[in-house]
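Thanks for coming. I have one structure to go through today, so let me put it up and start with a single residue.

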Amino acid sequence: KNNINWFPGHMAKTRREIKETLKNVDLVAEILDSRIPVSSSNPEINEITENKPRIIVLNKADLSDTDKNKRWLEFYKNQNINCIFFSNKDNLGKLAFTNKVFEIMKPKIDLWKSKGMINRSIRVMVVGIPNVGKSSFINKLCKNSKAKVENRPGVTRRNQWFSVDESIQLLDTPGVLWPKFENHEVAYNLAFTGAIKDQILDIEDLALKFIDTIKIDYLSNLSKRFKINSQDISDLTSIEILEQIAKKRGMLVSGGEIDTLRVSNMILEEFRNGKLGKITLENPKI
């Protein structure tokens, strides 16, 4: 029940570097995980980016609930916040992003042209928490896989520039979290999606909390994936559901006991890879 504190030294350095680099950029693209738009938004981002023009990119849209995606898009529209959905698995959002950049920057582009700056490219800083898909986003836009991508937090450790084309440049920045998670729901959501390293939380506890979280809206996803009758598990506790899944997958140790660590890792991994279906853990508050 203590506050979860995970703020490696390089993240404090990253915050300083972002602020120092702001003078060289025109626009900020904040990458969020579309499964957890609230939890994946750094509450310090406004201060860090000094209120530069911003686009919210709800990434990994291929993994999130389609119906809830529509609700989130409407939510941001009502807040007058520029927002698009993006997926690295297909072309969803690629054209929408570039169109939105030009729309936001049109007054500035007209000003540049009036001063004879015809070939001035738009410089976009890409920010977001670890493992939210910044590098994959950049690679998709830039066509060539240049930004380092790995399915674990904290891979990008320095600022890197990439060109979408002659008109747009992207600055990839290391993922940065805020110093302390006082809201445990936020901390768990970040852990479910892999934004917080698995090593700092108990995996069995995390898997049980995850089952608790999704069984309200997505019990059918569990029953379909693990071939368990939803009526058979609807009244079960999370540990009982975990045990049912372990038995279905044959994840037992000597004596027929449940291998809780193995099944816990498997459940979280299948969620992160989209094998449990399209799931969104947060709803917009309208």
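Asn131 is buried, with a relative accessible area of 14%. Buried here means under 20% relative accessible area, exposed means over 50%, and partly exposed is in between, with a 1.4 Å probe and protein chains only. Asn131 sits in the loop between S4 and helix H5 (134-142). Its phi is positive, about 65 degrees, although Asn131 is not a glycine. Most residues other than glycine have a negative phi.

Before I go on, how to read this. This is a predicted model, in which local features need pLDDT of at least 70 and side-chain atom pairs count only at pLDDT 80 or more, while totals for chains, interfaces and linings use all residues. Residues are numbered from 1 along each chain as its sequence is written, and side-chain values use heavy atoms, with hydrogens and water left out.

Two further residues have a positive phi. Lys60, in the loop between S2 and H3, has a phi near 60 degrees, and at 16% relative accessibility Lys60 counts as buried. Lys227, which follows H8, has a positive phi near 55 degrees.

Now the chain as a whole. The protein chain has 11 helices and six strands. Helices (H or I, at least four residues) and strands (E, at least two) are DSSP runs, numbered from the N terminus. Of the 286 residues, 50% count as buried. The accessible surface comes to about 14,400 Å², and 46% of that belongs to carbon and sulfur atoms; these areas come from the Shrake-Rupley method with a 1.4 Å probe, and for residues only the protein chains shown count as cover. Take the contacts, meaning heavy atoms within 4.5 Å, between residues at least 6 apart in sequence: 69% of them join residues at least 24 apart.

Next, the sheet. In what order do the six strands of the open sheet run? The order is S3-S2-S1-S4-S6-S5, with mixed pairing. Strand S3 (83-85) and strand S5 (160-163) are at the edges with a single partner strand each, so one side of each has no neighbour in the sheet. Neighbouring strands are turned by 25 degrees against each other on average, direction ignored; the axes behind that angle are lines fitted to C-alpha atoms, for helices over the stretch in contact, and angles run from 0 to 180 degrees between N-to-C directions. Two strands pair if DSSP finds at least two bridges between them.

Strand S4 (residues 122-127) is mostly covered, with five of its six residues buried. S4 pairs with S1 in the parallel sense over four bridges, and Leu27 stands opposite Val124 in S4. S4 also pairs with S6 in the parallel sense, over five bridges. There, the bridge partner of Ile122 is Ile168 in S6.

S5 and strand S6 (residues 168-172) pair in the antiparallel sense over four bridges, and a hairpin of four residues joins S5 to S6. Ser163 has Gln169 in S6 as its bridge partner, and Trp161 stands opposite Leu171 in S6. Which face of S5 is covered and which uncovered? Gln160 and Phe162 make up the covered face, Trp161 and Ser163 the uncovered one.

On to the helices. In helix H8 (residues 219-226), the buried residues are Leu219, Asn221, Leu222, Ser223 and Phe226. Their cover includes helix H7 (203-214), helix H9 (230-233), helix H10 (238-249) and helix H11 (260-272). Ala187, in helix H6 (residues 184-193), counts as buried at 0% relative accessibility. The C-alpha atoms of Ala187 and Ser39 are separated by 7.6 Å, although the two residues are 148 apart along the chain.

Last, a pocket. On a 1 Å grid over the protein atoms alone, a pocket is an open set of points with protein on both sides within 12 Å along at least five of seven lines, and lining residues have an atom within 4 Å of a point. The second largest pocket has a volume of about 250 Å³. Its lining has 16 residues, of which Pro37, Val38, Ser41, Asn42 and Pro43 lie nearest its centre. Strand S1 (27-33), helix H2 (45-49), strand S2 (54-59) and helix H3 (66-78) each give two or more residues to that lining. H3 gives the most, with three.

That is what I have.

Key
1 Å grid on protein atoms, 1.4 Å probe; cavity = no way out; pocket = protein on both sides within 12 Å on 5 of 7 lines; lining within 4 Å. Points joined across faces, edges and corners; volume = space filled by probe spheres on them.
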